[in-house]
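Here's a walk through one chain, going from its overall layout down to single residues. Have the structure open as you read.

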Amino acid sequence: DWTPFAFAEETIDALKAQLTNDKVVLGLSGGVDSSVAALILHQAVGKNLHCVFVDNGLLRKHEFESVLDSYKELGLNVKGVNAKQKFYDALAGLTDPELKRKAIGRVFIEVFDEEANQISDVKWLAQGTIYPDVIESVSVNGGPSATIKSHHNVGGLPDFMKLKVVEPLKSLFKDEVRRVGKALGLPADILNRHPFPGPGLGIRILGDVTPEKVQILQDADYIYIKNLKESGWYDKVWQAGTIYLPIQSVGVMGDERTYENVVALRAVGSVDGMTADWSHLPYELLAKISNEIINNVKGINRVVYDISSKPPATIEWE
Ligand code: XMP
């Protein structure tokens, strides 16, 4: 019978034999897959596992700091890299969703390559690839592995791609990955985290991305997610997020007329992201979130709720 403990034990033994004293580099995304891959490799090779966690400036509010702290508490050898400006520079003026994805993927590879090159004598590239990633062409997991794979046909290969690849979770489904993570002591806030796309808020800001828009979206999204958690709805939906719309509408605040932007709230139920139904969040909860966002986030005077299912809509708006 498959158990997470037996899987972890066997995999750790096999990794020890395979990797011996070699150095391994792994890109952490804050998601479940790369985190579990890191934990299992850490038990096999200890400090020879070098983790890199890139702040692309498109993460949720406080996410970089809090996830980095969790990783350090787990004893991982992890380097946090602030590369925000590089991503913002590459995104400046871009409005097409696929061009934005390409730019984000390209910069990620540049930054990751630079970091990997600083680890002398590194032999292996570890990835948190899981079974559905292997069988589907589109990854629903987000994170560096998805980004790397979809872009390695552009130009010459970056140095880290000449490394040997190790993918310890390649045979597992998502629920099995979670069970292994739990067995290895991964904290609940990482274990139960919603999927988050690799390009992050970059594809939740429709049109061009600026640091100012990122901050507004982070603030609105923080209020949304906090309320989902407090009301118990976070664990009932499969994925949730806030979308910044490049549309201004008229509002009134005190005696003042306002002309500010709209955010859309999205929450869906799904099994694997391939199909999804919009979640029937209670009206009272939506009312509370809407008030809190409009009263606290400067630049937003209107909140709408997305009631489209997939298909024919998609989960993300871009
Ligand atoms: P859609 O919008 O296609 O999303 O219904 C399905 C799932 O995939 C995620 N997603 C992405 N993940 N890079 C990723 O790593 C991407 O470019 C990307 N686009 C969508 C989305 O968050 C959802 O979970």
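## Two domains

The C-alpha centres of domain 1 and domain 2 sit 28 Å apart. Domain 1 covers 4–191 and domain 2 covers 204–305, with bounds that come from an automatic or database domain assignment. Where the two touch, domain 1 puts in 12 residues and domain 2 puts in 11; a contact here is a pair of residues whose C-beta atoms, placed from the backbone, lie within 7 Å. On the domain 1 side, the residues touching domain 2 split into 6 nonpolar, 3 polar and 3 charged. In that scheme Ala, Val, Leu, Ile, Met, Phe, Trp, Tyr, Cys and Pro are nonpolar, Asp, Glu, Lys and Arg are charged, and the others, Gly among them, are polar.

A word on ground rules: this is a predicted model, where local features need pLDDT of at least 70, side-chain atom pairs count only at pLDDT 80 or more, and totals for chains, interfaces and linings use all residues. Residues are numbered from 1 along each chain as its sequence is written.

## The chain as a whole

The protein chain has 11 helices and 9 strands. These are DSSP runs numbered from the N terminus: helices are H or I with at least four residues, and strands are E with at least two. Along the principal axes, the C-alpha atoms fill a box of roughly 70 × 45 × 35 Å. The radius of gyration is 20 Å, which agrees with the value near 20 Å for a compact globule of 318 residues. That radius is taken over C-alpha atoms, and the globule rule is 2.2 Å times the number of residues to the power 0.38.

Of the 318 residues, 40% are buried. A residue is called buried if 20 or more other C-beta atoms lie within 10 Å of its own, exposed if 12 or fewer do, and partly exposed in between, again with C-beta atoms placed from the backbone. Take the contacts between residues at least 6 apart in sequence: 76% of them join residues at least 24 apart.

## H4 against H5

Helix H4 (residues 84–91) and helix H5 (residues 97–117) have axes that come within 9 Å and cross at roughly 145°. The axes are lines fitted to C-alpha atoms, for helices over the stretch in contact, with angles running from 0 to 180 degrees between N-to-C directions.

Which residues meet here? From H4 come Lys86, Phe87, Ala90 and Leu91, and from H5 come Lys100, Ala103, Ile104, Val107 and Val111. By class, the residues of this contact are 7 nonpolar, no polar and 2 charged.

Ala267 belongs to strand E7 (residues 256–269) and is buried, with 25 other C-beta atoms within 10 Å. Setting aside residues up to four places away in sequence, Ala267 touches Val237, Ala240, Trp278, Ser279 and Leu281. Its C-alpha is 9.7 Å from that of Trp233, 34 residues away along the chain.

Thr129 is in the loop between strand E4 (122–126) and helix H6 (131–135). Buried or exposed? Thr129 is buried, with 25 other C-beta atoms within 10 Å. Thr129 and Ser34 are 95 residues apart in sequence, yet 7.9 Å apart C-alpha to C-alpha. Gly200, in the loop between helix H9 (188–191) and helix H10 (211–231), also counts as buried, with 23 C-beta neighbours inside 10 Å. Gly200 is in contact with Asn56, Leu58 and Leu59, leaving aside neighbours within four places in sequence. Gly200 and Ile104 are 96 residues apart in sequence and 9.4 Å apart between C-alpha atoms.

Thr20 has a phi near 40°, a positive value in a residue other than glycine. It is in the loop between helix H1 (4–19) and strand E1 (23–28) and is exposed, with 10 other C-beta atoms within 10 Å. His62, not a glycine either, has a positive phi of about 65°. His62 lies in the loop between strand E2 (49–55) and helix H3 (63–73) and is exposed, with 10 other C-beta atoms within 10 Å.

Now look at the segment after strand E9 (300–305), where you'll find Pro311. Lys310 and Pro311 are joined by a cis peptide bond with omega about -15°. Pro311 and Pro312 are joined by a cis peptide bond too, with omega about 5°.
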